[in-house]
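Take a short walk through one stretch of this structure. Start with a helix, then turn to a loop.

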Amino acid sequence: MNFVYYIRNYWCRNLILEWCTYGRIIAADLLQVSLEQIPKTNNHLESFNSELKVHQLQKYQNNGHLLRLDVLSVILIKSITPNILLKRNLKNELQIQLKERYESYVSFIPEERIQLKNHYNQLAYYTSDSNRDEAAKRICIEKKIINVEFNSKNLYLWIDSDTSNHFEQKRYIIQLFSDIKCQCMDFLSRGGACKHIRASIIWINWLRLQPPQPKYYRTFEHQKLPYVSLLTQDEIIKKLKLH
């Protein structure tokens, strides 16, 4: 209970009026910016602290010894600050390039499908990745796959994005047949097999084994779905060389 009292007295108090909101209101007023521009946590400071200590200062320290003040000043001015600014600028440039690439490739209007052919250089192939496999299983469990469309030429799936909210519903379209492609930034920037492609393959291969049930829409077509699998990176490179 002493710990509970400590949390209440020193951190919580009245959450409506304390630092989370009230302090941000004062900061926004002092800086003459909107309240939304004021951070809600100090995570950005902790992140910068980690960047400074672990990634920048550590390489100049001899077995973790503290640097002399004059040496630290010179290193901060001549090396660390330019490195941090360069890293930040490169990150911003990358985000701009990825956004432009994303907008040129992606249409979220279902009627337009994906316009995937002749636009993507990325290849879909399987690599072992437990994190993406778990994320794919979670997509299936949470039933984020909202639609499946199949004809003799193409197989499409629509998946709700994890970043969707009540105000903006973002959906990715995945193509599994005859080519395998996805609209997400993971696939656009890296290729391979993103969590959406992995989830779509799990879903389709499960769906095609389900018995026909007339009361469900389109279930008679499930057994006509193709079996989908991914080649390895070496296999797909070999296939490209042959064709």
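Helices here are DSSP runs of H or I with at least four residues, numbered from the N terminus. The model is predicted. Just after helix H5, lysine 143 takes a positive phi of about 55 degrees.

Now step back into H5 itself. The helix covers residues 130–141, 12 residues in total. At 1.5 Å a residue, H5 should span 16 Å.

Look next at how H5 begins. Aspartate 129 caps its N-terminal end. A side-chain oxygen of aspartate 129 lies 3.1 Å from the backbone nitrogen of asparagine 131.

Which residues of H5 are buried? They are Arg132, Ala135, Ala136, Ile139 and Cys140. Seen down the axis of H5, these buried residues fall within an arc of 140 degrees, so they line one face of the helix. An α-helix has 3.6 residues a turn, so residues three or four places apart point the same way.

What do the buried residues of H5 pack against? Their partners are strand S1 (145–150), strand S2 (155–160), helix H6 (185–190) and helix H7 (195–207). The face turned away from the buried side carries the exposed residues Ser130, Asn131 and Ile141.

H6 leads on to the loop. Glutamine 183 lies between strand S4 (181–182) and H6, in the loop that joins them. Is glutamine 183 buried or exposed? Its relative accessible area is 0%, and buried means under 20%, so glutamine 183 is buried. A polar atom of its side chain lies 2.9 Å from the backbone nitrogen of isoleucine 173.

Methods. Residues numbered from 1 in each chain as written. Predicted model: local features only at pLDDT ≥ 70, side-chain atom pairs only at ≥ 80, totals over all residues. Heavy atoms only, no water. Helix = DSSP H or I, 4+ residues; strand = E, 2+ residues; numbered from the N terminus. Expected span 1.5 Å × (residues − 1). Buried < 20%, exposed > 50% of the residue type's maximum accessible area, 1.4 Å probe, protein only. Arc of directions from axis to C-beta. Contact = heavy atoms within 4.5 Å. Polar contact = N/O pair within 3.5 Å; in protein donor to acceptor, adjacent residues only side chain to side chain.
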